[in-house]
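Have the structure open as you read.

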Amino acid sequence: MTPPERPRARLQSRRARLWLAMGGGIMALLCLGGVGAVFLLFNENTEIKRSAPDAVVDNFLGAYFVSRNDKEVALYRCEGQGNFAALDAYRAQILAVEQEKGGSISVSWSTFTVSAGDKQGIVTTDLIEAGSVGNGSLSFPWSFEVVNQDGWRVCGASKLG
């Protein structure tokens, strides 16, 4: 007598289920790894850079003069809001000239000079004004007060000279 075919078919079915389960497990692990990698890359690219005084002043100036986004500016200001009257007046002057003459003025900045301890410091740079409303390019030295409040933040700005 020949042995019945049924046990062999059940064995093949078990083997197929095992391979299917292993393949599904491997796919699940690959998907989870991909989700983790995407999360880490997103988090790294959207992180607020407040690790160094010059980095926070750079980001602050970009938000203040380039994107002109006060909500983004607030991410880099110190908790007490600081003294920004001179900088606010400077930006208001730029906006008034743009509106009056119908052009645009872009503000950029030169390299930063940092004088900082563990908790506070001063960052100086030249703000460079250029645009389509004439006057060519103008440069003004500025000083920014920074404090370390769970990362560096800008607490004040003043025009030098």
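## A tryptophan on the outside

Trp19 counts as exposed, because its relative accessibility is 59% and the cut-off for exposed is over 50%. Keep in mind that this is a predicted model. Trp19 sits in helix H1, which covers residues 6–46.

H4 takes in residues 85–101, 17 residues in total. From first C-alpha to last it reaches 24 Å, close to the 24 Å expected at 1.5 Å a residue.

Which residues of H4 are buried? They are Leu87, Tyr90, Arg91, Ile94 and Glu98. Looking down the helix axis, you'll find these buried residues within an arc of 95°, so they line one face of H4. They pack against helices H2 (53–66) and H3 (70–74), plus strands S1 (105–109), S3 (120–131), S4 (137–148) and S5 (152–159).

After H4 comes Gly102, with a positive phi near 70°.

## The chain overall

The chain has four helices and five strands, running α-α-α-α-β-β-β-β-β from the N terminus. Of its 161 residues, 25% are buried.

Among contacts with a separation of 6 or more, 52% join residues 24 or more positions apart. The accessible surface is about 10,800 Å², with 58% of that belonging to carbon and sulfur atoms.

Technical notes
Residues are numbered from 1 along each chain as its sequence is written. This is a predicted model: local features need pLDDT of at least 70, side-chain atom pairs count only at pLDDT 80 or more; totals for chains, interfaces and linings use all residues. Side-chain values use heavy atoms; hydrogens and water are left out. Helices (H or I, at least four residues) and strands (E, at least two) are DSSP runs, numbered from the N terminus. Buried means under 20% relative accessible area, exposed over 50%, partly exposed in between (1.4 Å probe, protein chains only). The expected span of a helix is 1.5 Å times one less than its number of residues. The arc is that of the directions from the helix axis to the C-beta atoms. Contact means heavy atoms within 4.5 Å. Accessible areas come from the Shrake-Rupley method with a 1.4 Å probe; for residues, only the protein chains shown count as cover.
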